[in-house]
Amino acid sequence: MELIKPNINLDFVGNRKYAYILSGSLILLTIVFLIVRGGPNFGIDFAGGILVQVKFNKETSTGQVRNALESASIENTTVQDFSTEEGSEYLVRIEQEGVDVTEFKDRIQTAFKKTFGEGAFEVRRVEMVGPKVGKDLRQKALFAVFYAILFIAIYISGRFELKWLMSIIMAGALLVAVYLASLINISVVWLIVIALIVTLGLCWVLRLRYALGAVVALIHDVIITVGAFSFFNKEITLPIVAALLTIIGYSLNDTIIVFDRIRENLRKGRRTDFSKTINSSINETLSRTILTSGTTLVVVVSLFILGGGVIHDFAFALLVGIVVGTYSSIYVASPILLALPAADEKGGMVSKRKR
């Protein structure tokens, strides 16, 4: 099925400067939002605290739930509504540490009984995450995102440029850099920032342009998605990290389709100008991109609207990530190939060396 005419020739590469300005502006806004809000808004999973899930037999508002908690001197709460047709249900996050979970549950039940009456509610779960556990989870989540991007860089450089030896060299150099940086006892955030800078530097020095394009696009997608969460002051939780990893996989899939077509067209030698080859490859895969992204968006929008409060933020992350990932595979990953000439190129012209 083709939605786009086969002979279409939209000038994506020629408009890459506008795309760079748009992407740069969004990344800058993300940095501003993060600075203004004092960093990402980590949920209890990462920041520590108490999580309470409660269901009411009749319609209840978030204000009533919050007032009931305040009557028991339980403050610093975030009440999330994910009610269904079966009744009102809320997820309450409380910024408290070092309390006995059983005693705290009794305290909440007493407060709700006083406000709503006996049998009007059911406390379904009370969970506490300590600050150390939250910190450990945060570090593991950051490392999960980082290693996903790193192994993708190694795979792309080996898969598309047949430079497995350079990929191994890059992996070894990166491990050494991470080890040396960890010796000075810096935070995991700075450790990952240093590792990403080293990764991009190695891609540039070793002329791994496909890996460079893919890694830049993936970092671009993750940063803008985190920026959207910061703008709407949404919490970063473990499901959101899972969503970010899903976005990385989705965006990479789209990028690989375009990269594969570029490589095929280079082998055919239909064009000698690399920018025209990239542009024609994007146009040839445009119908597939629209169909894939469109059908995926239908599912994600349905989850976002009808899925309920529990998966609302997860669906929101996927919604932003799929839009940004589709855009980046066209306007970020592919045009960046032009920024780094390959070793066998001269003056922007691609040789007809058989690969």
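Residues are numbered from 1 along each chain as its sequence is written. In this predicted model, local features need pLDDT of at least 70, side-chain atom pairs count only at pLDDT 80 or more, totals for chains, interfaces and linings use all residues, and side-chain values use heavy atoms, leaving out hydrogens and water.

Biologist: Is Ser23 buried or exposed?
Modeller: Ser23 sits in helix α1, residues 16-36. Buried means under 20% relative accessible area, exposed over 50%, partly exposed in between (1.4 Å probe, protein chains only). The relative accessible area of Ser23 is 5%, so Ser23 is buried.

Biologist: Which residues is Ser23 in contact with, leaving aside neighbours within four places in sequence?
Modeller: Contact means heavy atoms within 4.5 Å. By that test, the partners of Ser23 are His220, Tyr327 and Val332.

Biologist: At what angle do α9 and α10 pack?
Modeller: Helix α9 covers residues 238-268 and helix α10 covers residues 274-284. Their axes lie 9 Å apart. The angle is about 130°.

Biologist: Which residues of α9 make the contact with α10?
Modeller: On the α10 side, the contact includes Phe274 and Ile278. On the α9 side, the residues are Val258, Arg261, Ile262, Asn265 and Leu266.

Biologist: How many residues are in the largest nonpolar core?
Modeller: A nonpolar core is a set of buried Ala, Val, Leu, Ile, Met, Phe, Trp, Tyr and Cys residues joined through side-chain atoms within 4.5 Å. Phe259 and Ile262 are among the residues that touch the most other members. The largest core has 72 residues.

Methods: Axes are lines fitted to C-alpha atoms, for helices over the stretch in contact, and angles run from 0 to 180 degrees between N-to-C directions. Helices (H or I, at least four residues) and strands (E, at least two) are DSSP runs, numbered from the N terminus.
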